[in-house]
Every structure is written in structure tokens, then in C-alpha cells.
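Here is a short briefing on one protein chain. Have the sequence and the 3D view at hand, and follow each topic in turn.

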Amino acid sequence: MVTSPSTDRIDAAVVAGAEALFARRRPDGVFAPGAAEDRFSPANTALALIALHLADKPEEADPLLTRGVDRLVAAQRDSGGWAMRGVPDEVLTTAVVTDALDLVAPRRAADAVRAGRQRLAGLGGPEALPEPVMAGLIRQFGVLAGRLDEAALPRLPLELLLLRGPARRLLSLRMPILASMALGQATVRRGTQGLVRRRLNALARPAALGVVREAYEREGASGAFSTDPWLTGLICVGTTRSGLAPDIVRNAAAWLRAAADEDGGWELMPLDVTWSSFAASALLEAGYAEDPRLRATRAMFHGRQQNTPFAALGCPPGYWGFSSAHSWPMALETAEISSVLLRLPGGGGDPHVRRGIDWLTRTQDSAGSWSLAVRNSKPGGFGPCPQMTAKAVRALLDHGAGTADRRVVKAVRWLIAQQRADGAYEALWYRGRTAGTSVVLETLCRTVGAGHPAAVRAAAWLLRTQTDDGSWGGGEDASAPGTVEDTAWALYALLAAGHDPGSRPVTSAARHLTDAQRPDGGWAGSPVNEYIRFCYRYADDVIASGLALRALARLRTATASPEGSA
């Protein structure tokens, strides 16, 4: 029998969790993970090695590339595969690492390459990926490593870049990547193209290069693209092969070198804004709005809002991205931070909030949903998302929009229509369906009410997918172990829907979270976060700790209220 954690234990868990998050706060206000080892990315490291090998063309042994090769070889698992900490072997990561080692150190890393190829075959190869774009990218790596013939790859439609509007909606954040890779392919294949194709490419080349250069110059020509080794590596590879922009190649390579760890590895892109939004949201739920330790975080959010348009993507100003003041636009972060700033002292008059809400209003899809960055994006990895839409609606409500507001009505209508037959909802950037279902349920409760049929079905799905130990996983397999993140999402949503704080689903979930809390007050992350949907995942302790603290703080409030959580 699962017993309910006492009120004192819940209170102690909240206090310890809050202090554990504050211990992660840097002087600049960013809440960041601790161990760099947990952030090491074999995929980013491999792509950086490929990009530097092609861009710098080292004639002698390059110390950084040598350290990078050693780091990847040491990180290979007994299975022969690779992935980030806590993540099962991945097709994409194993493929890019294997090809990078084959390209950069074919003799020295021969055993690792052989084992990697065997593991990749065991995982099903590129065909096992549900994302065709990523399967194509793996084949591109195979061409660079000399494993595949360039002519065997599908042609990348360079001419698409002549149509900025359709290209933006089809590609979204992939637009600068496609532009650079298509430029490279067109250059490499120039001798095999017919007259019509050569003339069409000649027309499209300036438009494609313009997209890459716009993205490059908006970051101060630093060479970085969204402060991300993966994006920077891809664009560096494509631009190098094109031979068209040596300044971009030179500075991108220099930035990649500067971004490397001392041991020759590259981390996942810094998620300064994302980490801090999860932490701040949790601390506000726990009652720390007036705590002076959040002042630097508010100033950091102010400083990282983007006040110039992203011309290449047609995005207006006013958004936030994952990390720096030059990150690419993200509706999820923009919605979350707008809500966080509103709840901090003086938030009602904060001009940064008004700009964030204006950006959300201007980028709402015609159907009522929100896509990641580009309005009316094609459905898929960057297109309309129920979880993002629910978060955007909550930001509008926090800012004073009523449930009859045109933006809210359109969004809620879209959300109701997107519900799966089983009652669940998708979340593009998190594994499984617990995250999406939970976040949408919260929003439905604030708009159409917990008694609406869509809200009832969503809550019922959560209750059906709770595991025997009180936790939740992604919802696909009830026998799979639950995670802190999924459990916290579901617990908060059930409380928002008015479930009794003393009910078994709530108390068993709370017990699971308090039992999972570490001695330092934080929680360990699980690989629920999608960097590339279905292809590249990561675990994150700050995100996990923020979600757990937020849920337990909501439970503490509900338990203390004589009316419960209603």
C-alpha cells in the first residue's frame, strides 16, 4: 500500500528543492546544471570534428581533433553505440560518430568504427528513424566519410529558397541549414548537372547564400549559429563544401574551436533561458517571488529578449530562444518567460512582457495553434504543437486576456480538435504524451473548465497511464519505469483539474517524487527531452528539479487550502 507523504515532508521537500535550485544559480541569474560530463554530446562532438576537418583541412595532426577522437572512442559503449548520458543508444548519434571517426581518424579509430557500424545495423540503420530528414542527413555523413556515393543522394532543392514564404513555412528553423547544405551539394555536383539545372541553381544561389548570411550577421558575425555546436557544425559543413563564403567558414570553425571542452568534447547547446524558465516557474509556485535572488534572473531574461526581427525566418522582434541574446526564436520559451516575468514584482508593467505577448499574438497560426518559430509552419518537428499552444494560451490569460478573447477561443478550439481518440495530446519537444496531455489539461481547466469533455478525457488518460508505483512515464508502455518529469507534469495537471489532494493518484505521485529527491534537494533527470524529435534526446537535472518542485509546491498549497485544489 502506498502511503501519503506527510504535510511536513512535502514542506521540507519544497524548501530543500528550492534551495537546491538556488544553488544552481550563477551570478548572471542563469540556473545551470553542474557536471559538464552530463552535458557531453557525442553527436555534437562528432559533427564539430567533421566540420573542422573539412574547413581547416589540417595537413598535420591537429591536437583538438586528436582529443576529440580520443574522447569519442572512450565514450563508446560496450554495445558499440553512442548517446548522451542516460539515453539508450541512438541511430543518429551512432551514425554521425561512426562516420566522423572514419573521416578524421580511419586507422586509429578502426575498431571503434567497426563496432559502431555493427551497432548501427543492429539498431536498424537510417531506415529506423521516423524523421526522413534525419535519415537523409545520416546518408550525407556517409558521403563525407566516403562510405556512400554523392550521386546516390536525393537532390536538395536549392530553388526552394527563391520562394521565401513557402520555404519558411516548410522548413522553419531548418531553412538556414537547408540553404547551406543545398549550396554545398550544388557545388559538388556542378559537373554532372544539365544546362537547365545549372541555370536554375545560378538563380537560386544568391537567395540561399543570403539566408545563411542573414543568420550569420544577426549574431554579430561571430561564427555561431544560435550558440549551438550542432547547428553551427551543419552550416559550416554545407558552406565549406559550397566554397562561397570563406568568412563564414573561417569564423564558424573558430567558434567551434573556442566552444570545445579541454578534453576535446563538445556539450549540448547551453540552455540558459530554458533552464532558468523551468527553475523560475517552480520557485514562483513555491512562493519565492519576492526573493532577491531572482532579481538577476529577471535581468537576464530582460537582456536575452530579442528586439530585432529574424529576417531570414520572417520573425518579428520580441521573442526568446534557448540560450543567448542571439538564439533562434522559440514560442515555448517566449510563452513561459512572459508568464514568469508577469508573476515577478512589477511584472504587470514590464515592457518585456508586452513585447513577448505581442510576438505571440503576431505569430499565432491561422488555425489558432502556435508553431515553434514561423507562423503557419508545416506540421512536423517545427509545426503546430498542442503543448506550445497551451503554454501560449496560458501566457495570454496571465496577461489579462479573457476566455472570450479571439486568440484564446481560436486556440482552445484547435486544442480540442487535436485531442487523440484516447484522450491524450502530443508535445513535440518531449518524449511520449504525458507532457502534452498534462499541459493541455491545465489550460483547458483555465478556459473551458475541468468538466469539459476534452478535459475529462485528458484527465482520464492520465489516470489510466499512472504506473503501480504512483509515477508516470511517457504513456506508451505502462510497464516502463516512470520519470520525475512525467510524474510532476501529471501531478500538477490533476491538481489543476481539481483532484482531491488526498486521493490515491495524487498521494502516490507525491510519494514517488519525495522518494526520488536526492540528498542535495534536487532531482535527477531522465531522457524525456527531445533535441531532435525521435532522434536525439537528453536528460536534464535542472528541468527535472524545476518540474518536481513546481508540482510539490502546488500540492502544498492545495493541501493547506480548506477547499483543496479547486
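Two strands count as paired if DSSP finds at least two bridges between them. The model is predicted.

**A strand pair**

- Strand β1 covers residues 529–532, and strand β2 covers residues 536–538.
- The two strands pair in the antiparallel sense, over three bridges. They count as paired because the rule asks for at least two bridges.
- Glu530 stands opposite Arg537 of β2.
- The hairpin of β1 and β2 has three residues between the strands. There, Phe534 takes a positive phi near 70°.

**A helix pair**

- Helix α1 spans residues 7–22, and helix α22 spans residues 541–560.
- These helices pack at an angle of about 145°. Their axes are 9 Å apart.
- The crossing of α1 and α22 is left-handed.
- On the α1 side, the contact residues include Thr7, Ile10, Val14 and Leu21. On the α22 side, they include Val542, Leu549, Leu552 and Arg556.
- The contact of α1 with α22 is made up of eleven nonpolar, five polar and two charged residues.

**Ile10, in the helix pair**

- Ile10 sits in helix α1.
- Is Ile10 buried or exposed? Ile10 counts as buried, because its relative accessibility is 5% and the cut-off is under 20%.
- Setting aside neighbours within four places in sequence, Ile10 is in contact with Pro5, Ala510, Thr514, Leu552, Leu555 and Arg556.
- Ile10 and Gly502 are 492 residues apart in sequence. In space, their C-alpha atoms are 13 Å apart.

**Arg241, a buried arginine**

- Arg241 is found in helix α10, which runs over residues 229–242.
- Arg241 is buried, with a relative accessible area of 17%.
- Which side chain does Arg241 join in a polar contact of 3.0 Å? The partner is the side chain of Glu150.

**Gln306, in a loop**

- Gln306 lies in the loop between α13 (295–304) and α14 (331–343).
- Gln306 is buried, at 3% relative accessibility.
- The side chain of Gln306 makes a polar contact of 2.7 Å with the side chain of Arg218.
- The side chain of Gln306 also reaches the backbone oxygen of Ala325, at 3.1 Å.
- Beyond neighbours within four places in sequence, the contacts of Gln306 include Arg218, Pro317, Tyr319, Ala325 and His326.
- Gln306 and Trp320 are 14 residues apart along the chain. Their C-alpha atoms are separated by 6.1 Å.

**Positive phi in loops**

- Ser172 has a phi near 50°, a positive value in a residue other than glycine.
- Where is Ser172? Ser172 is in the loop between α7 (164–171) and α8 (175–188).
- Ser172 is buried, because its relative accessible area is 1% and buried means under 20%.
- Thr227 has a positive phi near 55°, and Thr227 is not glycine either.
- Thr227 lies in the loop between α9 (195–217) and α10.

Methods: Residues numbered from 1 in each chain as written. Predicted model: local features only at pLDDT ≥ 70, side-chain atom pairs only at ≥ 80, totals over all residues. Heavy atoms only, no water. Helix = DSSP H or I, 4+ residues; strand = E, 2+ residues; numbered from the N terminus. Axes fitted to C-alpha atoms, helices over the stretch in contact; angles between N-to-C directions. Left-handed = near helix turned anticlockwise from the far one by under 90°. Contact = heavy atoms within 4.5 Å. Nonpolar A, V, L, I, M, F, W, Y, C, P; charged D, E, K, R; others polar. Buried < 20%, exposed > 50% of the residue type's maximum accessible area, 1.4 Å probe, protein only. Polar contact = N/O pair within 3.5 Å; in protein donor to acceptor, adjacent residues only side chain to side chain.
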